[in-house]
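Visitor: I would like to learn how to read a model like this one. Please take me through it feature by feature.

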Amino acid sequence: MAPNHAAKNGTIESRIASAVGPPLGLIKVGHQYICECHIRRMFNEKRLDAAREANYRLQGVQVIESTREALFLPVKTYNAACTFYHRFRLEHPTPDYNYTDAALASLFVACKVEDTLKKSREILCAHHNLKNPDHQTTQDDKIFDQPSKVIIGIERYMVESINFDFRVRYPQKILAKIVKKVVGPDADLSTFFPTAIKVSVDMYKTYAPLKHNSFTCALAIAQLTAMITGQFVEEFRSLDAYDWHTDEQCLVEVMLDILDLYTQHGKATKVGPMYDLQVFIDTQIRINQFVEREGLARYINQCRECDSSIPPPTPSTDSPTSLSTPSAAGTSTVKRGPKGAEGGTTRFIFDADEAVREKKAYDEHTKDEWEEWEEEVEETIPDPREERRHEPRGPRGPRGHGRGHGRGGFDPHWNSRNRHDRRRRGGGGGGGGFY
């Protein structure tokens with residue numbers, strides 16, 4: 001007899017219809033910009049101290065800056081290294097690693113991105129020679145074996161923390177074009193332009209490059225330098241921000257971020273020691289007056305309710321990608337959790353719209369449809385007496401009445417010899433004994 005192909009095909013089709021493909025995994029989309037409210041929300045969620053994080057940020061950037069100058073790397077490598085370091089610290093603000101190792105690892109990644117290749121041992125050797133000028137050494141020294149593996153171990157987490165998005169702002173080129181167009185080629189820029197370049201280097205010690213584009217940063221640097229030095233103030237004040245792909249709100253935020261750095265941590269900058277503190281305070285007052293007069297906010301998209309509300313504590317060590325001290329093998333001893341809601345791999349996508357379309361297409365095949373209805377069913381209430389009837393009976397007590405012992409009672413004078421003597425038995429009716 002021939003096999004029933006229809007039944008067989010139907011079974012296969014039902015299996016295919018009921019089969020669910022592999023899980024989509026965890027999709028991460030790289031964001032080129034981060035607003036200030038998002039940074040503060042991250043601080044609140046992870047219970048971070050803003051002053052301590054500012055200290056780590058400044059110390060890490062100083063390590064990058066000094067090592068970059070010792071290796072004669074261009075400023076674009078410095079910009080990329082600072083951007084990667086800030087993003088890494090925001091994603092992994094744990095004390096499980098040293099900020100110096102993270103700074104050197106960010107410089108190592110920036111050298112690869114900007115095609116200014118340096119080995120990890122070269123970077124470590126340059127940093128070691130800066131710290132120990134009396135004990136200079138070379139990159140072939142064995143003391144760099146373990147630190148080199150540590151940097152390579154942190155590199156993987158740094159690339160994941162930036163979501164493989166290596167886009168970095170370079171405001172120095174645009175700054176040179178703005179100054180040349182506004183001031184003119186014949187103007188004396190011997191003091192103005194070097195100061196503006198130093199301000200652009202100091203700007204990467206803040207989160208301003210993570211929040212705004214290159215045109216905003218370049219124009220804000222030019223206007224702030226003019227206000228600090230007192231040169232070409234009217235020329236830069238008359239510029240229309242929309243002609244340079246920005247607006248007044250963004251310019252004000254960048255300038256106030258840089259002025260906060262000069263007033264609070266002036267000694268850790270290049271321009272801070274060059275001028276008196278009162279110069280920066282007066283400049284900050286004038287900008288704040290402009291903000292109040294124009295009805296602007298301190299930060300773009302600022303929400304007062306979000307700033308006042310503090311979410312419940314979430315320790316950073318509970319994160320599935322929290323970093324621990326890298327081991328000698330160059331990898332981390334971190335216990336990595338599930339990579340997705342149902343397992344799978346972590347995928348990095350650069351187009352956010354494509355990620356949304358892919359998620360919608362995947363949900364059509366995995367969504368569960370439920371139908372709810374109500375039905376009335378009569379239930380019989382059990383009788384508690386029926387349940388007691390099946391319970392085991394307890395020990396029987398005395399059933400006699402009055403002073404007699406009665407049936408089932410206990411007679412201390414009873415024994416096997418006088419069991420037929422009714423005088424020693426209790427009255428069946430409950431009467432007393434008879435002697």
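Guide: Start with contact, which means heavy atoms within 4.5 Å. Helices are DSSP runs of H or I with at least four residues, strands are runs of E with at least two, and both are numbered from the N terminus. This is a predicted model, where local features need pLDDT of at least 70, side-chain atom pairs count only at pLDDT 80 or more, and totals for chains, interfaces and linings use all residues. Residues are numbered from 1 along each chain as its sequence is written, and side-chain values use heavy atoms, with hydrogens and water left out.

Visitor: Which residues of H11 and H14 meet?

Guide: From H11 come Leu224, Met227 and Ile228; from H14 come Val279, Phe280, Thr283, Arg286 and Ile287. By class, six are nonpolar, one is polar and one is charged. Here Ala, Val, Leu, Ile, Met, Phe, Trp, Tyr, Cys and Pro count as nonpolar, Asp, Glu, Lys and Arg as charged, and the others, Gly among them, as polar.

Visitor: How do I describe the geometry of such a pair?

Guide: Two packed helices are described by the angle between their axes and the distance between the axes. Axes are lines fitted to C-alpha atoms, for helices over the stretch in contact, and angles run from 0 to 180 degrees between N-to-C directions. The axes of H11 and H14 (residues 277-294) come within 10 Å and cross at roughly 125°. H11 and H14 are therefore oblique to each other. The classes are: under 35 degrees roughly parallel, over 145 roughly antiparallel, 65 to 115 roughly perpendicular, the rest oblique.

Visitor: What is the hand of the crossing of H11 and H14?

Guide: Right-handed. A crossing is right-handed if the near helix is turned clockwise from the far one by less than a right angle, and left-handed if anticlockwise.

Visitor: At what angle do H9 and H11 pack?

Guide: About 125°, with the axes of H9 (residues 192-203) and H11 (residues 214-229) 9 Å apart. That makes H9 oblique to H11. The crossing of H9 and H11 is right-handed. Their contact has nine nonpolar, four polar and no charged residues. Among them are Phe192 and Met203 in H9, and Cys217 and Leu224 in H11.

Visitor: Where does leucine 71 sit, and is leucine 71 buried or exposed?

Guide: Leucine 71 is in the loop between H3 (50-70) and H4 (75-91). Buried means under 20% relative accessible area, exposed over 50%, partly exposed in between (1.4 Å probe, protein chains only). Leucine 71 counts as buried because its relative accessibility is 14%. Leaving out residues up to four places away in sequence, leucine 71 touches Lys118, Glu122, Ile123 and Ala126. Leucine 71 and lysine 118 are 47 residues apart in sequence, with their C-alpha atoms 8.9 Å apart.

Visitor: How should I read phi?

Guide: Most residues other than glycine have a negative phi. Phenylalanine 72 is not a glycine, yet has a positive phi of about 55°. Phenylalanine 72 is also in the loop between H3 and H4, and counts as exposed at 75% relative accessibility. Histidine 245, again not a glycine, has a positive phi of about 60°. Histidine 245 lies in the loop between H12 (233-237) and H13 (248-264), and is exposed at 55%.

Visitor: How many helices and strands does the chain have?

Guide: The chain has 17 helices and two strands. Of its 435 residues, 39% count as buried.
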